[in-house]
Each structure stands twice: as C-alpha cells, then as structure tokens.
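Biologist: I am new to this one. Could you show it to me and then take my questions?

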Amino acid sequence: MELRYIRSFVAVADALHFGQAAEQLKLAQPALSQHIQKLETLLETKLLDRNRHGVALTAVGQVFLREARTILAQVEHARNEVERVKSGGQGTLRLSYVPGPARGALTCALHTIRQKNPAVRVELHEVIAGNVMQRLLAGEVDAILGPELDPPFPRGLDHEEMAQQEVVLCLGRMHPLAEHKVIKLSDLKDAAWVIYSEDLAPGYRRWINQVCRPAGFRPRVAQRVMSSNDLQVALSTLPGVAIVPAGYRELFGEGVEFRSLDPLPEPMGLWLWWRKGDESSALMAMQAALRATGGQGAPSRAAEAEFRRKQKARFV
C-alpha cells in the first residue's frame, strides 16, 4: 500500500469532490481515480460511493479515514525527527500533561533537560479534554504526564510512577468551612462534591471514594467537570468542595481556598505513559529527568521561570 494512495484518499474524503482533490494534489483526475481504485482493490472493499449527486464515504471508508490520518501524521512526525537528528538534534517529545498535578515535577524536569540535554525539544500540550490515551495510542502525542488512572491500562502502553503528590481540600472562598485552617474529613460528609468526569480522569471517582472511606461516608457528587478551569469556576460559584493535588495552589487564581485535611489522605501518584517500544532519546531524557526529580521539593526560581517561558512558547 503506497502512501500516495492514502494521501489521495484523504484528499477526496476531505473535499468529497474528485476535481477539487485532484487540483489540491496537482494530479490529473484520471490518475487520482486510479489511486482510489487501487486502494480499494488492495483493501478488497469500497471506500467511496460515487453517484451523480457527488461522493460520500462508506462506513468502511469512515473508519479507514481515521486510520489514514494517523498514518500520515506518524509519517510526517518520523520525517521531522529524522531531519532533526541529521542536523544534530536529539528529537522532539510531544508531551500532554495535566496542569495541576504535573506542574511541580514537570517544571523541574524541563529545567533538568534544558541543562543536560539542550538538543531535546519538548512540545507541551495541556490536557483539557478526554480521550487523551487514544491520542497517545494514535501517535498524536508521545507521552502523557498526569495522576494515576484506573487500571486496566490501555494495551500498547507502558507506564511508570514518577512522583507522589500531597493532596489538599479546595473550596470556594465563601464556603462556610473556609474559615478553618484544617478541616476534618468527617465534616465533609454532607458536602456537595465537584469531581472530574471519568472521560477526563478515569478512576478519579474511585480514588475520592477511597479517600473518604476512613471517615465512613461516600461523597455526594453535585457536579462533574471536564477541565481544571471548569473545576475552579464550579468551586468559585457553588458551595462545593474538591480534593486536588497541592500543585493546584499554583494553578488556580482568586475565588478558591486550599485547606489541609485531618486525617491527611495518602498522596496521589504522578505517572508517565508512553507507547510500548518507544526508545527515542527525547522520551528517555524526560524519563531520566522525572526520575531525578521524584516530585520532591518546590521548583527553583530558575526552573519556574523556564516553565512559564515554555508555556508561553509551547515548545523549546
């Protein structure tokens, strides 16, 4: 199966018009039609329905289009990596991260990479929606850094716990319990809880249940959110509570308060996921930097400045 056949199919599927696709690819329309026919012959199925009204994807064609986009993206990424290594670099790591839990360890790790592996590029992609594991499996990102997810882990991925993070209670500034510096876990029995959706953080609800079990209650969920921004807004406007990694202190602005819990819950694990068999130098540099950091201690001023610079530039 030749890449030019796949490119031709994607062009037709996007335009749903052979003439426009041929013009985009700078091909004669008969040659483009031949590419599609050869591809359908190889796959032994129809990918496109053609009639006097136009072109439409078949059900199989819709599935193949998704896979075709992934193939082309991976080929382009591989070409870019080869060019980078040829020019003396060590590659690029496209890293998705969950802002609050990952911030401290990631800040220190990026500073370490800058000092020890300056040829490595790290592109940061903040996790703001679900299906991030599917993006990793599809090759759209190279690694994910975030809190522990609910097993079983997706097949085809490797993972390692890189750090453990203290957790705290987050609540709105006007919440009745905000006047206390330390809040007993048992006092949250009747609270309205705000938690992450399972699409964004599989296992988060299970983890919250485990945290509250010693106090003899199961949290009453009032709202589920799909991002850390949504969580902050919900806690600022509702009389709700949430248990979050201590790193959220650096992430959230006005409108919320953070309090210690009694008893103090077990720390939350911070994990790195990557595709099995990936032995790129950029990934190994990140793994080594995170292991060296171990999530211990606050990042230095230099490291924090480096993280803010990278967030603004989105890559180094």
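Biologist: Among the contacts with a separation of 6 or more, what share comes from residues 24 or more positions apart?

Modeller: This is a predicted model, and in it such residue pairs account for 76% of the contacts with a separation of 6 or more.

Biologist: How many helices and strands does the protein have?

Modeller: There are 11 helices and 13 strands.

Biologist: What percentage of the residues count as buried?

Modeller: Of the 316 residues, 45% count as buried. The accessible surface comes to about 16400 Å², and carbon and sulfur atoms contribute 50% of that surface.

Biologist: Which strands does S3 pair with?

Modeller: S3 pairs in the parallel sense with strand S4 (residues 121–126) over 6 bridges, and Leu95 stands opposite Leu124 of S4. S3 also runs parallel to strand S5 (residues 143–147), joined to it by 3 bridges. In that pairing, the bridge partner of Ser96 is Ile144.

Biologist: And what holds paired strands together in general?

Modeller: Strands of a sheet pair through backbone hydrogen bonds, in either a parallel or an antiparallel manner.

Biologist: On to the sheet with S8 in it. What is the strand order?

Modeller: The order is S8-S12-S7-S11-S9-S10, an open sheet of 6 strands with mixed pairing. Its edge strands are S8 (182–184) and S10 (220–225), each pairing on one side only. Neighbouring strands of this sheet are turned by 40° against each other on average, direction ignored.

Biologist: How do S7 and S12 run relative to each other, parallel or antiparallel?

Modeller: S7 (residues 167–172) and S12 (residues 256–262) run antiparallel and are joined by 4 bridges. Cys170 stands opposite Phe258 in S12.

Biologist: Changing topic, at what angle do helices H1 and H3 pack?

Modeller: H1 (residues 3–15) and H3 (residues 29–43) pack at about 110°, with their axes 9 Å apart. That angle makes H1 roughly perpendicular to H3.

Biologist: Which residues make the contact?

Modeller: H1 contributes Arg4, Tyr5, Ser8, Phe9 and Val12. From H3 come Leu32, His35, Ile36, Lys38, Leu39 and Leu42. The residues of this contact divide into 7 nonpolar, 2 polar and 2 charged.

How values were computed:
Residues numbered from 1 in each chain as written. Predicted model: local features only at pLDDT ≥ 70, side-chain atom pairs only at ≥ 80, totals over all residues. Heavy atoms only, no water. Axes fitted to C-alpha atoms, helices over the stretch in contact; angles between N-to-C directions. Helix = DSSP H or I, 4+ residues; strand = E, 2+ residues; numbered from the N terminus. Parallel < 35°, antiparallel > 145°, perpendicular 65-115°, else oblique. Contact = heavy atoms within 4.5 Å. Nonpolar A, V, L, I, M, F, W, Y, C, P; charged D, E, K, R; others polar. Buried < 20%, exposed > 50% of the residue type's maximum accessible area, 1.4 Å probe, protein only. Areas by Shrake-Rupley, 256 points an atom, 1.4 Å probe, with all protein chains shown as cover. Pairing = 2+ DSSP bridges.
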